[in-house]
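Please look through the sequence and the model shown here before reading on.

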Amino acid sequence: MEHISDKIHERHEMYESHELKMPGSYVDMSVEELRYDGGFSWAKLFSGIAITGIVIAIGGIAVTGIALSAELSATAGVTMIAAGVIMAVGGGILSMSSKSLPGDEFADENNRFHVT
């Protein structure tokens, strides 16, 4: 019968061989390992906000149409339209001007970050 300590020792040896090994310094890393590609992008965030605003405005149009056809107050729908338009316009403007925001100084023309 095998002892549990033997099994633990076997597992430890197995995991030790697959352990993540970090380089001693950045000098030991290749250019590919140093490159960071595809990180956070302000332009993508603001584009997402603009798209969300468009969807909200379209939903507001639908809510307004349903409310008016049912002879109810269309305040919620009109509010949704206004909020959606503000988000779409603001997100679009900020997306186009995002290169000047802090955090994007290492972004290339495709809004991907990398260190050379």
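Methionine 96 lies in helix α4, which covers residues 75-96, where helices are DSSP runs (H or I, at least four residues) numbered from the N terminus. This is a predicted model, in which local features need pLDDT of at least 70 and side-chain atom pairs count only at pLDDT 80 or more, while totals for chains, interfaces and linings use all residues. Residues are numbered from 1 along each chain as its sequence is written, and side-chain values use heavy atoms, with hydrogens and water left out.

Methionine 96 counts as exposed because its relative accessibility is 71%, given that exposed means over 50% relative accessible area, buried under 20% and partly exposed in between (1.4 Å probe, protein chains only).

In the loop between α3 and α4 sits glutamate 71, which counts as exposed because its relative accessibility is 75%. Glutamate 71 has a phi near 55°, a positive value in a residue other than glycine. Most residues other than glycine have a negative phi.

Threonine 64 belongs to helix α3, residues 42-69, and is buried because its relative accessible area is 12%. Which residues is threonine 64 in contact with, leaving aside its neighbours within four places in sequence? They are Ala74, Gly77, Val78 and Ile81, where contact means heavy atoms within 4.5 Å. The side chain of threonine 64 also reaches the backbone oxygen of glycine 60, at 2.7 Å.

Key
Helix = DSSP H or I, 4+ residues; strand = E, 2+ residues; numbered from the N terminus. Polar contact = N/O pair within 3.5 Å; in protein donor to acceptor, adjacent residues only side chain to side chain.
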